[in-house]
Amino acid sequence: IPAGRAFQIQDDVLGVFGSEEKIGKPVDSDLKEGKKTLLTIHALEKANPEQKKRLLEILGNQNISMKDVEDARKIIEETGSLEHSKTLAKELANQALEVVKSSDFRQEGKDFLIAIADKLVNRED
């Protein structure tokens, strides 16, 4: 479960901060959908009134521009939401690693799962 949560958080980070070439979808799609992710929820909680108003204008708006995407990214960064999300993803991946390391799996199974956990939080696509 922690590995799955780490994967989803990283996926949400890439959905806003990744590049279309690497992730295979437009970087504005999560914002246009108004997806309630850790990034956006945390940002809205920590935002000042001006930032919150601007982010709410962007989320769920099908007609956003790249300037809107940049504004959303800036708000997410300024509120500490990006760093918070990355840190939580790493913590969750580490929890998953601890379970794998203490498991009864054969070493090659452990090595495989450890590599997957590392990929979860360090992936760019």
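A residue is called buried when its relative accessible area is under 20%, exposed when it is over 50%, and partly exposed in between (1.4 Å probe, protein chains only). Helices (H or I, at least four residues) and strands (E, at least two) are DSSP runs, numbered from the N terminus. This is a predicted model, in which local features need pLDDT of at least 70 and side-chain atom pairs count only at pLDDT 80 or more, while totals for chains, interfaces and linings use all residues. Residues are numbered from 1 along each chain as its sequence is written, and side-chain values use heavy atoms, with hydrogens and water left out.

**Stop 1: the whole chain**

Show the protein chain as a cartoon. It has 8 helices and 0 strands. The C-alpha trace spans about 50 × 30 × 20 Å along its principal axes. Of the 125 residues, 41% count as buried. The chain exposes about 7500 Å² (Shrake-Rupley method, 1.4 Å probe), and carbon and sulfur atoms supply 53% of that area.

Now colour by pLDDT, the predictor's confidence in each residue, from 0 to 100. The chain averages 90, and 95% of the residues score at least 70. Where is confidence lowest, and where is it highest? It is lowest in helix H2 (residues 20-23), at a mean of 78, and highest in H5, at 98. Where pLDDT is low, the predicted coordinates should not be read in detail.

**Stop 2: helix H1**

Select residues 2-17, which form helix H1. The expected span of a helix is 1.5 Å times one less than its number of residues. For the 16 residues of H1 this gives 22 Å, and the end C-alpha atoms are 22 Å apart, which agrees. Next, pick out the buried residues of H1: Ala6, Ile9, Gln10, Asp12, Val13, Leu14, Gly15 and Val16.

**Stop 3: helix H4**

Select residues 38-46, helix H4. Which residues of H4 are buried? They are Leu39, Thr40, His42, Ala43 and Leu44. The cover over these buried residues includes H1, H5, H6 and helix H7 (81-101).

Show the side chain of leucine 39. Contact here means heavy atoms within 4.5 Å. Not counting residues up to four places away in sequence, leucine 39 touches Asp12, Val13, Val16, Phe17, Ile76, Ser81, Leu82 and Ser85.

Then move to histidine 42, also found in helix H4. Its relative accessible area is 11%, so histidine 42 is buried. Leaving aside neighbours within four places in sequence, histidine 42 is in contact with Thr79, Gly80, Ser81 and His84.

**Stop 4: the nonpolar cores**

A nonpolar core is a set of buried Ala, Val, Leu, Ile, Met, Phe, Trp, Tyr and Cys residues joined through side-chain atoms within 4.5 Å. In soluble globular proteins, nonpolar side chains tend to be buried together. Select Leu31, Leu39, Leu55 and Ile76, which have the most contacts inside the largest core, a set of 15 residues. H1, H4, H5 (49-58) and H6 (66-78) each supply at least two residues of this core. H6 gives the most, with 4 residues. A second, separate core has 6 residues, including Ile9, Ala89, Leu92 and Ala93.

**Stop 5: salt bridges**

Side chains of opposite charge can pair when their charged atoms come close. A salt bridge is a side-chain nitrogen of Lys or Arg within 4 Å of a carboxyl oxygen of Asp or Glu. The whole structure holds 11 of them.

Begin with lysine 32 and aspartate 28, whose side chains meet in a salt bridge (3.3 Å, N to O). Lysine 32 is partly exposed at 23% relative accessible area, whereas aspartate 28 is buried at 15%.

Go on to helix H6 and select aspartate 71 and lysine 67, which lie 4 residues apart, about one turn of the helix. Their salt bridge is 3.0 Å, N to O. Buried or exposed: which applies to aspartate 71? At 16% relative accessibility, aspartate 71 counts as buried, while lysine 67 counts as exposed at 54%.

In H6 too, glutamate 78 and lysine 74 are 4 residues apart, so about one helical turn separates them. The closest N and O atoms of this salt bridge are 3.9 Å apart.

Finally, select Lys53, Arg54, Glu57, Lys67, Asp68 and Asp71, which are linked in a network of salt bridges.
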